[in-house]
Amino acid sequence: MTSAPAILRRRPRVCIIGGGIVGASAALFLAMGGAEVTLFERDRIGAHASGVNFGGVRRHARPAGDLPLSLRAHRIWHRLPELVGHHCDLATPGHLKLAETEDQMAVLEAWLPVGLQAGLDVRLLGRADLARRFPWLGGNVAGGSFCAGDGFANPRLVALAMARAAERHGAAIHESCRVRDMTPRAGGWQLDPEGRPPIEVDQVILATGAWPLGPDPLPDFRVGAPQMFVTEPVPLLHMPVLGLISGAIYLRQSQRGNLIFGGGQGSIAPDGRRSRPDPAGFSRTPALLQRLLPGRANAAIIRSWTGIEAHLPDGLPMLGPSPSAEGVFHAWGFCGHGFQTGPGVGEVLAELILTGQTATDLSAFDPARFATVPRRAPAPPGPDMESLT
Ligand SMILES: Cc1cc2nc3c(=O)[nH]c(=O)nc-3n(C[C@H](O)[C@H](O)[C@H](O)COP(=O)(O)OP(=O)(O)OC[C@H]3O[C@@H](n4cnc5c(N)ncnc54)[C@H](O)[C@@H]3O)c2cc1C
């Protein structure tokens, strides 16, 4: 159980810095719980990773420490109509993680008991099972693991829907407003938002994605810009969400037939706030598609984009009370699977702030876990099973 010092005010004043899915869901659950909520977003709600990601809503193949939060989030995804008035295009055709080698298959086999223990409907499929169930799959696939109930949602809708619902519950949301600084004050914090008067609050949530700030020293982390593509509509295959365990490609099909897939990395501008696709990525797409869907390898690409995410050394976010500063909560550094957990993160933060504790195990995300880790050279960007959809 994670606990935070109990707050004394009957109606805590909470400031959330960052309006991605994490900040927006925290705003929603805190406002629903009666807190006085102010959210500052430097750009627009959902303008960064939360609004441009692949949309994968997946519990499958996550690190064990990530699963309690992911399971909690899964339940909230199904409550979106009640919470925000829209299902945000949530669809749950299942998730199929695919191995191209026996070594990769061994990784899926090793994860199976983790998934079963967590209560997931997950099963391994051999080459023959795959060929029978998914005859359109590429021939290099050696086997896979299928998780029922996982799927995708529309990232363009979710953070925005949560922020608007938070406003209906009384939260104040300020866009195009960067928080420049935060200073301790008796019993709370003063924040300095650009172009607005300073504001004093009791608690601060640092939901700043790949741009950490706040009073604690930062651990090493690297940033990445996964590249996404969308094709012209092609005949529907009624497929689950697919992903190679190597991370080389992950793919889903929209209801209109467009293939939406990710693979490779774009580049990040020197200001660290903008990213753009690698033009060479376009020439690689037929070969990428060939590995999963040979029959669609030549589908025309109509658009490509990227988004920025942060990777901590263990691939897990910083989530929980600050180790050094009372009233400050970390909630940043969510990489390739933070869209799925986003709704759960907001609910857990609201619980911590409003009740002083949460029953969801957050120990894997402890913001103090890197305190004694010596600094090391950032790892080169590259896919791994934990970080990709
Ligand atoms: C291309 C791509 C594909 C992905 N695919 C998936 C997927 O399929 N499934 C999945 O689960 N996850 C996926 N992810 C990861 C997921 O998108 C992120 O983990 C998640 O969106 C992080 O949400 P966030 O709110 O923490 O960060 P963000 O969405 O980055 O939001 C942080 C916000 O903080 C704001 N901010 C920063 N500093 C300040 C400041 N000083 N003042 C005010 N505002 C500030 C920023 O402007 C930003 O809007 C993907 C990520 C990318 C980039």
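This report looks at one asparagine and several salt bridges in a predicted model.

## About the model

Because the model is predicted, local features need pLDDT of at least 70 and side-chain atom pairs count only at pLDDT 80 or more, while totals for chains, interfaces and linings use all residues. Residues are numbered from 1 along each chain as its sequence is written, and side-chain values use heavy atoms, with hydrogens and water left out.

Let's start with N53, which sits in the loop between α2 (49-52) and β4 (56-57). Names like these come from DSSP runs numbered from the N terminus: helices are H or I runs of at least four residues, and strands are E runs of at least two.

The side chain of N53 has a polar atom 3.3 Å from the backbone oxygen of S50. A polar atom of the N53 side chain also lies 2.6 Å from the backbone nitrogen of G55. Leaving aside residues up to four places away in sequence, N53 touches P155 and F339 (contact means heavy atoms within 4.5 Å).

Next come the salt bridges, where a side-chain nitrogen of Lys or Arg is within 4 Å of a carboxyl oxygen of Asp or Glu. By this rule, the count is 22 salt bridges.

D43 takes part in a salt bridge with R42, with the closest N and O atoms 3.7 Å apart. D43 also forms a salt bridge with R273, at 2.8 Å from N to O. What does the pair of D43 and R273 tie together? D43 lies in the loop between β3 (36-40) and α2, and R273 in the loop between β19 (267-268) and β20 (275-276), so the pair ties together parts that are 230 residues apart in sequence.

Is D43 buried or exposed? D43 is buried, with a relative accessible area of 12%, whereas R273 is partly exposed at 26% relative accessibility. Here, buried means under 20% relative accessible area, exposed means over 50%, and partly exposed falls in between (1.4 Å probe, protein chains only).

## A pair within a helix, and a network

R164 and E167 form a salt bridge with their closest N and O atoms 3.0 Å apart. Both belong to helix α7 (residues 155-168), where being three residues apart separates them by about one helical turn. R164 is partly exposed at 30% relative accessibility, and E167 is partly exposed at 33%.

Finally, a network of salt bridges links R72, R79, E82, E347 and E351.

Conventions: A polar contact is a pair of N or O atoms within 3.5 Å; within protein, one must be able to donate a hydrogen and the other to accept it, and residues adjacent in sequence count only if both atoms are side-chain atoms.
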